[in-house]
Each structure stands twice: as C-alpha cells, then as structure tokens.
Amino acid sequence: MPTEVACPRCGYVVSPQDRQCPSCGIDLVLAAVLAENTLTSSNLDLARTPITPEILVPRLGEYLIEKGVLIPEQLQIALDRHQELAAAGAPRLVGQVLLDLGFIDREILDQVVTEQILQLQSALQQSNRQLEWRVQERTQDLQNALNKVSELNQLKSNFISNISHELRTPLTHIKGYLNLLAEGTLGSLNKDQSEALEVLLRSEARLEQLIEDLIWFTLASRGELTLNLYSCNVTDLIQTSLSRAEKLARARKISLQVILAVGLPMVQVDGDKITWVLLQLLDNAIKFTPQGGKVKVDAALEDGLVKVSVTDTGIGISPDRIEEIFEPFHQLDESDKRHYGGTGLGLALVRRIVEAHGTRIKVQSEIGKGSRFEFELPSVKK
C-alpha cells in the first residue's frame, strides 16, 4: 500500500489518512469520490445506459452490505452479471442488476441512493464552507499585508520629507557663503581657489536640486503635487530647458538639435514643472549618450495636442525593462560600480508630473540605438 499520495488539486504530498490537504484545504475524500465517479464517454455509454440517481453514488454495493440489506455473495453475483452484460454490449448499472436479480427492491434502492446523495451533498457543502473560510482568511492576510505596505510607504514618505526640509537650512547657509566668496565680498581669491570654488558651487547646486526633487516626490506620493496652470509658449519652455542643458552637452561633446513646427499654439500647463520635465529628459539623454552622439528635441501639433519628444543616440533600454526606469529610487544598473549616477527619482517624477497634466509619457527604445521619450500637452483653444 502507498505511504503517501498527491493532492489532486495542488499536488501536495499527503498521508493516506489525511482527510484534508494541508496546502490547499481540499476535502481529499470528496475529491477522490468525485474523481472516481467522473462521467466521461469512456466510462458511460449515454446512449444505452439509463440516467438515474444511481450514477452519482460510489460503491453502492458496499453501502448496501453495510446497511444489512445485501450479503457479499449476492453482491459478487450481481457484479459478475454486470460484467457479463457489459461484455455483451448491454451495460446495466449495478443497482438495476440487483433489482433484476431480486436481491433488493426499488424502495430500498431509492432510499440508499438518496442517503448517499445527501451525504455527498453534505460533504460538498462542508468543503465549500472550508474553502470560503480559507478564501476569507487569505483575503484578510492580503489586506493586512497591503495595509502594512501602505504604512511603510507613508513612513518612508514622511522621513524623506522631514530630512529634505531639514537639509535646506544648512544648505542655504553654505550657498550664501559660497556666493559671498565668489563675489569677492570676503576677499580676493587666487586662481586655484576660484577653480575650487566653482566645483563647490556646482556641487551645492546639484545637492539643492536633489533636495528639491525629494520634496516634489513626497508631495506627489501623497497626491499633494499642485499645478499652477497658465498659458505658456511651448517654444519658450523648450528653449529654456535647452539653454540649461547646453553646458552639460558641450562638456560631453553631445550635439543638441531642436526641430519645432511653425506656428505652435500656446499650451495650458504648469510652465515651471514642464520645463523641469524637459530638462530632466535632456539631462538623462545626454548622460546616457556616448561622446559624439546626438540629442534631439521635437515639437509638433497633432490632433489639437502639442507633441513633444526627446530622442537620443545613447545606450538604449531593453523593452522588457522600460517600466523599471519609472520606479522611484531604482537604477537599471544596481551593481556597486555602476557607471551612471543618480537617485532614480528623476523619471519617477517626470511620469507623475506628466500624468498630473492629464497625459502620459511614452518610451521607445532599443539597446545600442538610443531612446525616445514623448508626451503631449493640451493646447489653448482660441
């Protein structure tokens, strides 16, 4: 005899004495009964076998013996007759054979069949109750886990917000004194000191931007990112972002190109935030494009919307990983010696700002051939 069996639903190995699977909770006895009595064209000839309640009852003969209305010898005779009829092409149910042989009457057969159907029904109802209970239990577990994740996200958001605001005060003092030094208010500087001061000013500006990004991100995470919508000239927004990106492009020997359609309409947006989005896309394009590459900005009117895109000839992104670049604090290169820096917040904020304007950021990319980031802005109706 086997020492263990597999659950018919989930495959979990259980003991033959187990009534219920410890993995999925299925009633193993009921499952075995249903499997044993599954009706298929291979075990039931519907054309020649009468459809009666008896076909739903397992081990009818054994049950009749247990009830004391049949003896084993009579059952064996009925089973032999049952096989003879099946071999002759005239199959009959065991209960009908017992009736034909006069071993039981119709009343007893109907009573026994009814009893077993009721037992099966009771077992099925019990199994359903257990299944419902398990579903409720798993649903509650899932809800508790979701609540825990929500609490952790809120704690993270609060922590980032508090730290960001606390960093602002000392950074303001640092920036103030660096500007005083740069202006010569605190005395003249030699060449080496001036060059060192330029490095400090660039680092301070970078740190200031990172803190601002963190504050924006926490606001967006809470749904508190507000937009100051007004009519803007999209050409001016693009030119402003390009002028800020030119220095970085020259340093990396990247060619910046701009193609703007003639007569672009005004757009109804938060100009500061869309300028930030464009600058972020330009910075990323320049950062991930090798020296000598190209970064292009396009703007055109399509179906009443101004379509803006930033295209580069950079390293590209695998199509199956595009969604990852919009995850907060996530870098595609997670190694200790990653080549490209960054907090992983830029594109997460880009998506939130663009979506706050009622549109979407779209990405097309191919490894080794570059990427294209595109979004649409609502034009001002005349």
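Visitor: Which helix does Phe159 lie in?

Guide: This is a predicted model. In it, Phe159 is part of helix α5, which spans residues 106-183.

Visitor: Is Phe159 buried or exposed?

Guide: Exposed, because its relative accessibility is 54% and the cut-off for exposed is over 50%.

Visitor: And which residues make a nonpolar surface patch with Phe159?

Guide: Ile163 and Leu167; the patch covers about 280 Å².

Visitor: Now the inside. Which residues touch the most other members of the largest nonpolar core?

Guide: Leu281, Val308, Phe373 and Phe375, out of 44 residues in that core. Elements that each supply at least two residues include α6 (191-221), α8 (271-287), β7 (305-312) and β9 (370-378).

Visitor: Which element gives the most?

Guide: α8, with nine residues.

Visitor: What is Leu281 in contact with?

Guide: Beyond its neighbours within four places in sequence, Leu281 contacts Val310, Leu347, Val350, Ile361, Phe373 and Phe375. There is also a second, separate core of 15 residues, among them Leu70, Val94, Leu98 and Val112.

Visitor: Different topic. Where does Asp270 lie?

Guide: In the loop between β5 and α8.

Visitor: Buried or exposed, that Asp270?

Guide: Asp270 is buried, because its relative accessible area is 3% and buried means under 20%.

Visitor: What lies 2.8 Å from a polar atom of its side chain?

Guide: The backbone nitrogen of Asn228. Setting aside residues up to four places away in sequence, Asp270 touches Thr226, Leu227, Asn228, Leu229, Tyr230 and His357.

Notes:
Residues numbered from 1 in each chain as written. Predicted model: local features only at pLDDT ≥ 70, side-chain atom pairs only at ≥ 80, totals over all residues. Heavy atoms only, no water. Patch = residues over 30% accessible without salt bridge, like charges linked within 9 Å, V, L, I, M, F, W, Y side chains within 5 Å. Areas by Shrake-Rupley, 256 points an atom, 1.4 Å probe, with all protein chains shown as cover. Salt bridge = Lys/Arg side-chain N within 4 Å of Asp/Glu carboxyl O. Helix = DSSP H or I, 4+ residues; strand = E, 2+ residues; numbered from the N terminus. Buried < 20%, exposed > 50% of the residue type's maximum accessible area, 1.4 Å probe, protein only. Core = buried A, V, L, I, M, F, W, Y, C linked by side-chain atoms within 4.5 Å. Contact = heavy atoms within 4.5 Å. Polar contact = N/O pair within 3.5 Å; in protein donor to acceptor, adjacent residues only side chain to side chain.
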